[in-house]
Amino acid sequence: MKAASCLVHLRWNKASAEAADNNKGRKTLESDVAVSQSGMNAGTKAMRVCCQSASQKQGGTGMAKTAIKKRKRITKDQWTAIGFLLPSFILIVIFVYGFIGWTGYVSLSNYNSIVPDFSFAGLKNYIYLFHDFRFQADLRNTVFFTIFFILLVIVLGGGLAILIDQKLKGESFFRNIFLFPMALSFIVTGVVWQWLLNPSTGFNTFLKFFGIQPKWYTDTNILAGFQWGSIEFGIPVAIIAVVLAAVWQMTGFSMAMYLAGLRGIPDELREAARMDGATEFQVYRKIVLPILMPITVSVIIIMAHISLKIFDLIYAMTGSGANFVTDVPGVYMFETTFRGNYYANGAAIAIVMLLLVAIFIVPYLWSARKGDNA
Amino acid sequence: MKKMYGVILLLVLAMVVAACSSSDDDGKSADAGSKKGDGGKNQVEIFSWWTGAGEEDGLLALIDKFQEENPDLKVKNAAVAGGAGTNAKAVLATRMQGNDPPSTFQVHGGEELNKSWVAADKMEPLDDLYKENDWMDKFPKDLIDLVSNDGKIYSVPVDIHRGNVIFYNKKVFEENGIDVPKTFDEFVTAADKLKKAGVTPLAMGDKESWTATMIFENVLLAELGPDDYIKLFKGDIAFDDKRVVESAKKFGKLLDYINDDHASRNWQDSAQLVANGDAAMLNMGDWAKGYFVNDLKLKTNKDFGYFAFPGTEGNFSIITDTFGLPKGIDNPDEVKKFLTFLGSTEAQDIFNPLKGSIPARVDADESKYDEYGKDTMADFKEASLVPSLAHGSAASEGFLTKANQAVNIFVTQKDVDTLIQSLKNAAPEM
């Protein structure tokens, strides 16, 4: 289970141009673990393996192409490689990048009813969106959802990993317990937490004893709010309830990643630090956490793309919420496209979401590329 | 060795091609059986979102009966699950635009039909069918108008639901000494009394905001009256009309009486509040009756009662499911047989008692319906019919989406000007 879902996420994360090939994916996983190890064994074999597999996954097809250019003769191996990669390459070019391009094209058109109209509209749809109350609220919600979600997942996931790494008894039991929520889909999580945090049933019947009745996801208050555009900008209280559910689900995953990183740190390093008189806190502060940095980057990127694209959890748990306090671009996109038939507006939302994810992914790809060249 | 690689490569490619083409075949044969294969001409594919408890029984009973009468035809039930047809509509849009229409499909009468499929020139007119079967005086004229565009009729209505009904908990009304309110002011008086007694006067569950939009449209109907209500959605009356502004204010007033946790509830959850006696009243389409009677085991006129939304007595806000004939299908004659069957009293009296709706025909057999059904059928014959906005009959889906958004914002902010302005901005898309 763990390995399988790691694969899925890592593949998403890399946005690699490879088809669903388990072996390749496993290599990806290993390479990430290798990255964390290479923190202290730079220049070792592990690093080389990592670089190799990284370059393979980065541009398997690119490699084949440059091979064609450089040499006249193409070896049998390369023919095989091309043969295996070509089908998935073609499919992905058409069905991923082709359709991204098509979505971009539709987003610039007047296709806002059931009757297709591809006349050029310029940025009309985008301008409409950025003036739209609902979309502004969506962006605000996404920002705060992403910040809280990533922070909590890192802090809790890292904390749990450190606790579990204390060589305690029944370690695998706890590991599985914390990892278990990940086996559920966001829809299940959403339905369950919708009941748990329902203001009139659920958790509140317990809180009644303490005389507090939070309104959870039905709360329409905006903390530290001020007028900005047509919305009140601030922290929507309702989004915190959704963050709780998302964190509950994804913390186990970041814990597993941190645990893998911690396991890669040899005891000698910590021992040496202790010998030099470092306190246990200093060992973590100065040795362990810096070595775990690459893991943190991976966690941020994986969680960021989940939170920016989140749809199912919100859809099952809260819907758009009163005054759109829990609405996100994904839900808006779905409703405006498939209920309202505003295809061009929906396409524009999709493109904005793509750009948001790109903000996180592109620097990562860039740095990964640089790492390869070095 | 070289040969080996060649063979492997070929195999891989062959597999890819085979995988693509075979899935393609599956898709086509599953979706458009009428186009290919044996007896495709004899297949009638019925596309709907009737997958809920009573409605699915009704649909299956219909299909059985039709099959019995037409053994040479093959009926295929292509229902897509999902409340209010959200998913079904997305699937339908894909199929219609891919020129792969089902033989006939469910669509709400009104602008959902006219502004999308008729406007896109995807529907065949059915005037001949109406003449052949002598239907012109069997359906109310207002209803035929609703499924017509530019003088041509485009679909056959099967069932009718009413949207301007308030269901109330009889016990709560009796305990607090409240009579059925006839006007808005009486309603407010009653609501204040209930509120003082610690009962939520009006239950609402706007996790999906159309429930709030229903309340608003009923206030509009009460304020404008049926003729001007229709004019409003035809664009002949502007949304900044004095009476529309007044409606928005009254709507805001009503929102003072709803339950606090409305955003966490769907309509069934809000109906439960009334059933439990935590809330007194619920404005909902009369499918809520089916929910009260079948799911919550309550008795009509004993546990719960019903009355027309204050100020809308004599009016009937209709939600009607209809079936039309798409262009570009192979066997329009066979499909017309099915549509003829759907329009018959026989079919309507099979389907509607099971679904809990009333027949669209005025000459159906009343004895087959329950107490509520009989009452509503009597109203249906007399009342002036108006299309419901919240269910896609009064305006296009696009306008409805924007109206729902504006109403959702209004429920929290209660800012009349913003609501009116949003509706005005969206008005060109009606």
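Predicted model: local features only at pLDDT ≥ 70, side-chain atom pairs only at ≥ 80, totals over all residues.
View 1. Chain A contains 17 helices and two strands, while chain B has 17 helices and 14 strands. Of the 430 residues in chain B, 57% are buried; for the 374 residues of chain A the share is 46%. The accessible surface of chain A is about 18,900 Å², with 69% belonging to carbon and sulfur atoms. For chain B the accessible surface is about 17,500 Å², and carbon and sulfur atoms account for 49%. Counting contacts between residues at least 6 apart in sequence, 75% of those in chain B join residues at least 24 apart; in chain A the figure is 68%.

**View 2. The contact between chain B and chain A.** Chain A contributes 39 residues to the contact and chain B contributes 35 residues. About 3,000 Å² is buried between the chains, 60% of it from carbon and sulfur atoms. Between chain B and chain A there are 14 residue pairs in polar contact, both residues being at pLDDT 80 or more, and zero salt bridges.

**View 3. The side of chain B that touches chain A.** Helices α1 (2-31), α3 (86-97), α4 (111-118) and α16 (397-413) of chain B each supply at least two residues to this side. The most comes from α16(B), with ten residues. Sorted by class, this side of chain B has 15 nonpolar, twelve polar and eight charged residues.

**View 4. Salt bridge between B:K89 and B:E397.** The closest N and O atoms of B:K89 and B:E397 are 3.7 Å apart. B:K89 is in helix α3 of chain B and B:E397 is in helix α16 of chain B, so the pair ties together parts 308 residues apart in sequence. Both B:K89 and B:E397 are buried.

**View 5. Salt bridge between B:K65 and B:E346.** Here the closest N and O atoms are 3.5 Å apart. Because B:K65 lies in helix α2 (residues 53-69) and B:E346 in helix α14 (residues 345-355) of chain B, the pair ties together parts 281 residues apart in sequence. B:K65 is partly exposed, at 23% relative accessible area, and B:E346 is partly exposed at 33%.

**View 6. Salt bridge between B:R361 and B:D363.** The side chains of B:R361 and B:D363 meet at 3.0 Å, N to O. B:R361 has 9% relative accessibility and therefore counts as buried, whereas B:D363, at 36%, counts as partly exposed.

**View 7. A salt-bridge network in chain A.** A:D165, A:E171, A:R175, A:R263 and A:R270 are linked by salt bridges into a network. Over all chains the count comes to 37 salt bridges.

**View 8. Surroundings of B:S393.** B:S393 sits in the loop between β14 (384-387) and α16 of chain B. With 2% relative accessibility, B:S393 counts as buried. Leaving aside neighbours within four places in sequence, B:S393 is in contact with B:H108, B:G109, B:G110, B:E111, B:I318, B:P387 and B:S388.

**View 9. B:T418 in helix α17 of chain B.** This helix covers residues 416-426. The side chain of B:T418 makes a polar contact of 2.5 Å with the side chain of B:D415. B:T418 and B:A406 are twelve residues apart in sequence, and their C-alpha atoms are 8.0 Å apart. B:T418 has a relative accessible area of 32% and so is partly exposed.

Notes:
Residues numbered from 1 in each chain as written. Chains lettered and ligands numbered in written order. Heavy atoms only, no water. Contact = heavy atoms within 4.5 Å. Buried area = accessible area lost by both parts, 1.4 Å probe. Salt bridge = Lys/Arg side-chain N within 4 Å of Asp/Glu carboxyl O. Polar contact = N/O pair within 3.5 Å; in protein donor to acceptor, adjacent residues only side chain to side chain. Helix = DSSP H or I, 4+ residues; strand = E, 2+ residues; numbered from the N terminus. Nonpolar A, V, L, I, M, F, W, Y, C, P; charged D, E, K, R; others polar. Buried < 20%, exposed > 50% of the residue type's maximum accessible area, 1.4 Å probe, protein only. Areas by Shrake-Rupley, 256 points an atom, 1.4 Å probe, with all protein chains shown as cover.
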